[in-house]
Amino acid sequence: MILPKIRVLHSHGRQAIPDLDAVELTPEFRGRPCLTETRDAEHAAAVCPTGAFTAAPLALDLGRCLFCGECARIAPRNVRFTNDYRIGSPTREGLVVRPGDPRIAFDAGKVRPEIRRCFSRALQLREVSAGGDASVEMELGATGNVNFDLGRFGIGFTASPRHADGVVVSGPVTANMAEALEICYDAVAEPKILVACGSEACSGGLFADSRAVDRTFFDTHTPDLWLPGAPTHPMTYIDGMMNLLGRKTRQ
């Protein structure tokens, strides 16, 4: 009876990813884009639903990008998506990709010193879905499962902002959630961290011009970490958080 069970366990392989720095996603995953100057860029810019892709100058704003791949389909000589998930940035400007950029740089000099001083070994965050569609929220939940096991690094989520060290915002921030988000953020004690997770949180995404969206929260509160994606992959979140806390250096 025991032998079949051993065979099943062996076929499952490892549950937890032993080395998160060595993870390589499938080639089909759309991560960091590579841009090349050609004359086809205007056609790609015309089909972009959020205006993330611009032809003059040639650039792709990952904070607005839905990673739908239409620009790469229309102008494959201009845009090629790689499977590089390391696309988080401590600044909003850092999410803009231009021709010749070999990677998304993580400027450690833009990280507030108190973040690494206070939270480098333990960090608990409150996640607020401010009008999200549950896709980013599901991926954030996956960071704590048996595969990624982010909790082994002392990073996790808590139910109460009173017990949290910061807030992770997903969704475009609807008018109905604007006040609740502000109340939650104010309830977190200083010093605290703010993370914008997902392209909708970074820019509003498809809903940026909607009358139902109220993004005044970001007029007065600047995120410490911007994580694009539609939705954000668990490895993008993990890489961004580890870089923010100084637990690793993006290569």
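Lys and Arg count as positive here and Asp and Glu as negative, while His and the chain ends are left out. The place of a charge is NZ of Lys, CZ of Arg, CG of Asp or CD of Glu.

This is a predicted model, in which local features need pLDDT of at least 70, side-chain atom pairs count only at pLDDT 80 or more, and totals for chains, interfaces and linings use all residues. Residues are numbered from 1 along each chain as its sequence is written, and side-chain values use heavy atoms, with hydrogens and water left out.

**Figure 1. The whole protein chain.** The protein chain has nine helices and ten strands. Both are DSSP runs, numbered from the N terminus: helices are H or I with at least four residues, strands are E with at least two. The radius of gyration is 19 Å, close to the 18 Å from the globule rule for 251 residues, so the protein chain is as compact as a globular protein of that length. This radius is taken over C-alpha atoms, and the rule is 2.2 Å times the number of residues to the power 0.38. Along the principal axes, the C-alpha atoms fill a box of roughly 60 × 50 × 35 Å. The 28 positive and 30 negative charges have mean positions 6 Å apart.

**Figure 2. Surface and contacts of the protein chain.** Of the 251 residues, 47% count as buried. Buried means under 20% relative accessible area, exposed means over 50%, and partly exposed lies in between (1.4 Å probe, protein chains only). A contact means heavy atoms within 4.5 Å. Among contacts with a separation of 6 or more, 77% join residues 24 or more positions apart.

**Figure 3. Helix α9.** Helix α9 spans residues 234-244. Eleven of its eleven residues are buried, so α9 is largely enclosed by the rest of the structure. Among them are Pro234, Tyr237, Asp239 and Leu244. Just after α9, Gly246 takes a positive phi of about 75°.

**Figure 4. The open sheet β2-β3-β5.** Three strands form this sheet, with antiparallel pairing. Strands β2 (53-55) and β5 (96-97) stand at the edges, each with a single partner strand, so one side of each has no neighbour in the sheet. Two strands pair if DSSP finds at least two bridges between them. Three bridges join β2 to β3 (residues 58-61). Ala55 stands opposite Leu58 in β3.

Figure 5. Four bridges join β9 to β8 (residues 166-170), and the two run parallel. Val168 has Val195 of β9 as its bridge partner.

Figure 6. Gly131 is found in the loop between β6 (123-129) and α5 (135-142). Its relative accessibility is 36%, so Gly131 counts as partly exposed. Not counting residues up to four places away in sequence, Gly131 touches Gly171, Pro172, Thr174 and Met177. Gly131 and Cys197 are 66 residues apart in sequence and 13 Å apart in space, C-alpha to C-alpha. Asp84 lies in the loop between β4 (79-81) and β5. At 14% relative accessibility, Asp84 counts as buried. Leaving aside neighbours within four places in sequence, Asp84 is in contact with Gly31 and Arg32.
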